[in-house]
Amino acid sequence: MADDAGRPTGGLIGQPHVRIDGRLKVTGQARYPADEPLANPAYAYLVISAISRGRVAGMDLAATKATPGVIDVLTHENVGQEVKPPMGPDGKPTTTTLESDQIWHDGQIIAVVLAETYEAAREGAYKVVVRYAAEAPSATFDSPGVEVEPLKANETRHDPAKGDAAAAFAAAPVKIDARYDTPIQHHNPLELFSTTCVWEGPKLTIHEGTQNLYWLKGSVAGQLGLDLADVRTISRFVGGGFGSKGAPTSRTAWIAVAARRLKRPVKLVTTRDQGFTIATHRAETRHHLQLGATPDGRLTALVHEGWEVSSRPSSYNVSGTATTARMYACPNIATKVTVVHADRNTPGFMRAPPDTPYMFALECGMDELAYALGKDPIELRRINDTQTDPVSGKPYSSRSLMKCFDAAAGKFGWAKRDPKPGSMRDGDWLVGYGCATACYPCNIGPAAARLSLTPKGKATIQLAGHELGTGAYTLLAIVVADRLGLQVDDVQVMMGDSDLPPVPGAGGSNNAASTSNVAAKACEAIRQRLAMAAVRTNAGIFAGVDPATLTLVNRALVGPDGRSEPLETAASRVSPGAIEAHVENVPQGLPPDAAAALYHGRASLLRGQSREDVTAFAFGAQFVEIRVHRRTCEIRAPRAVAAFASGTIVNPLAAHSQYQGGAIWGIGSALHEQTEIDLRTARYVNHNIADYLVPVNADIGEVDVIFVPEEDHEVNPLGVKGIGEIGIVGMNAAIANAVFHATGRRIRKLPIRIEDLL
Ligand code: MOS
């Protein structure tokens with residue numbers, strides 16, 4: 001293996017490695033935020049609103065205060081303006097909670113009961129009597145009283161357009177004109193949402209499972225008017241996030257206030273059902289898609305209009321037309337996104353936030369177009385494949401879409417497919433094959449890291465990264481070992497603490513790219529110091545050698561002619577103790593102050609679809625077999641094959657799990673998951689994981705993952721594209737397409753259930 005300057009490296013990047021934190025996790029020694037041992041804690045329990053719109057007219061707290069063990073109750077009356085609202089997922093103030101008597105949504109926090117024990121806090125919370133001044137709420141699309149807000153056109157995020165799509169569509173010889181719907185979904189990470197706050201004088205420490213330590217720190221400092229330096233956030237392990245722990249939410253500052261008043265630590269662990277309304281979710285979306293094509297299959301028009309639900313105060317939206325507009329070569333494109341405000345909690349990031357719903361529409365539409373043209377759906381994508389972003393005209397940094405289709409189609413046995421709907425059967429089962437494109441933009445942010453290397457060859461890398469179950473600790477150990485010529489076991493990784501150098505939040509699939517590139521840069525700083533010291537020592541074997549040619553391999557500094565000096569000797573030339581490097585990495589294309597902003601919790605990502613030089617996306621292809629029972633219409637997904645090309649894969653073992661998990665979640669997303677809402681009350685009704693359906697083992701058969709090799713020298717120095725979210729994208733369209741192939745029934749809304757096919 002060689003790095004981008006052609007120097008050999010340890011060859012560990014790309015080799016499968018078990019998780020270095022695996023033993024801690026399986027033996028229960030990994031400390032999640034709510035596990036933090038505390039001296040004399042008080043416990044908090046949330047009281048949440050039972051209505052979706054109106055005001056708190058009054059609260060009777062007598063029975064609560066009389067409950068043995070209850071210490072105090074925070075409400076808008078006794079806290080009020082002490083706390084400013086947090087920034088929402090779009091960076092603007094989100095639904096507020098205890099600042100006033102106003103109720104914005106179902107399940108809004110309206111009081112915090114504090115007690116000596118969890119049980120007493122819960123009992124006290126149950127005894128709070130709330131009088132509401134309720135108003136009729138608006139639940140979702142088409143509900144009376146919703147406000148419709150068309151978003152303003154913006155090339156990079158919203159409404160990409162070119163040519164005259166309306167005229168081209170009108171003139172197209174072959175057309176598809178269809179509407180699609182996707183549901184409300186909730187992340188339901190295994191680790192419940194929790195917050196623990198501890199004050200020492202003016203200093204506040206927050207233990208909270210978060211995907212963004214510095215954003216949380218900056219948000220709470222701003223909300224409470226604290227010095228940034230006085231707030232520390234700790235989250236060494238996160239028990240699943242999927243986006244739900246990305247943006248700050250209102251509870252954190254309230255627990256900080258509670259701990260300050262009680263002058264003792266306060267711990268909050270919320271319940272599963274509260275998690276449906278005190279955090280974010282994937283909003284329901286609607287799509288109107290128009291595709292025009294020539295008889296030989298070339299796209300001439302693409303019109304994609306989307307609608308998304310948000311809360312009253314927030315215009316958060318995902319605007320996935322930024323993705324769908326640049327998937328295929330097409331000269332005429334028009335897109336538009338509209339936000340519909342209802343009496344709901346603010347939605348937020350959920351795995352591939354824009355792409356999961358918007359690519360459902362596009363990839364079902366492409367399948368419909370293939371049938372309208374009498375072409376194979378893979379061939380239709382090949383005809384419209386492009387190495388140039390059709391919106392901006394910039395080249396793709398790399399795009400291996402058709403290689404993914406070919407690899408997956410071969411393994412899946414696509415050639416055995418009879419394209420006629422309803423034509424393939426196995427006994428009482430109708431068999432359908434479906435496929436779709438997967439994609440995700442390659443994002444990277446500024447990042448900082450501290451790295452030390454001892455003369456004995458032990459390295460420690462420190463940065464405020466996040467381990468959500470993705471293998472983030474292991475990824476860094478591999479990169480550092482590779483670059484310093486060590487073994488993975490020689491590297492200690494410290495993350496999950498805002499006292500460490502800042503990195504962006506683990507979201508938007510930027511983590512691997514941002515942290516591995518800054519780690520590699522820190523290793524390079526250390527290598528340079530060793531090399532400089534070696535060539536400057538007259539007695540040394542490297543006297544006069546160009547320091548740029550010296551590498552670190554197998555615990556030695558190695559020259560271009562193969563001569564080597566043990567790492568111990570090389571390091572001792574620099575320092576008798578550990579050598580340290582503290583580096584910042586600001587990817588080209590980001591403003592120079594991007595690193596400084598990072599310390600305040602404002603990470604600006606360089607996004608794959610809005611770079612100056614190239615458009616950078618990872619691509620993949622999802623294939624699935626669906627079986628529908630001829631009589632009962634029971635739907636089964638016995639096997640799936642997914643192929644991805646995502647640049648450098650640092651740890652194929654972890655990547656395999658990530659991709660496989662994405663495909664499995666895609667099956668759940670297409671066939672199981674939906675948060676049901678009561679249209680009259682605007683309240684979620686299946687707010688628990690007994691009634692919120694997710695796949696169980698019996699729902700999943702074989703899920704094959706194929707790695708399509710890809711080298712990308714444009715995307716970032718290590719060529720890492722990121723894999724966190726792409727695994728789910730396209731799967732729900734592949735399934736809907738397979739259902740059509742099995743049954744001849746085109747279902748354009750998710751999830752697809754028995755009743756849709758009866
Ligand atoms: Mo991801 S939805 O950005 O955690």
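**Contacts, cores and a sheet**

Modeller: In this predicted model, F623 is in contact with I378, F405, A408, A409, F412, W414, G434, C435, R639, A640 and V641, leaving aside its neighbours within four places in sequence.

Biologist: What makes these residues count as being in contact with F623?

Modeller: Contact requires heavy atoms within 4.5 Å, and each residue in that list, W414 and V641 among them, is in contact with F623, so each has a heavy atom within that distance of F623.

Biologist: Which members of the largest nonpolar core touch the most other members?

Modeller: Those are F623 and I626, in a core of 95 residues, to which α9 gives the most, with nine residues. A second, separate core has 56 residues, including V480, A513, L530 and V535.

Biologist: Why are β14 and β15 called paired?

Modeller: Pairing needs at least two bridges between two strands; β14 (residues 299–310) and β15 (residues 333–341) have nine, in the parallel sense, and therefore they count as paired.

Biologist: What makes β7 and β8 the edge strands?

Modeller: The open sheet has five strands in the order β7-β15-β14-β13-β8, with mixed pairing, and β7 (147–150) and β8 (174–182) each pair on one side only. From one strand to the next, the twist averages 15°.

Biologist: Which strands does α9 lie across?

Modeller: Helix α9 (residues 355–373) lies across β8, β13 (285–293), β14 and β15, and runs at about 150° to β8.

Notes
Residues are numbered from 1 along each chain as its sequence is written. This is a predicted model: local features need pLDDT of at least 70, side-chain atom pairs count only at pLDDT 80 or more; totals for chains, interfaces and linings use all residues. Side-chain values use heavy atoms; hydrogens and water are left out. Helices (H or I, at least four residues) and strands (E, at least two) are DSSP runs, numbered from the N terminus. Axes are lines fitted to C-alpha atoms, for helices over the stretch in contact, and angles run from 0 to 180 degrees between N-to-C directions. A nonpolar core is a set of buried Ala, Val, Leu, Ile, Met, Phe, Trp, Tyr and Cys residues joined through side-chain atoms within 4.5 Å. Buried means under 20% relative accessible area, exposed over 50%, partly exposed in between (1.4 Å probe, protein chains only).
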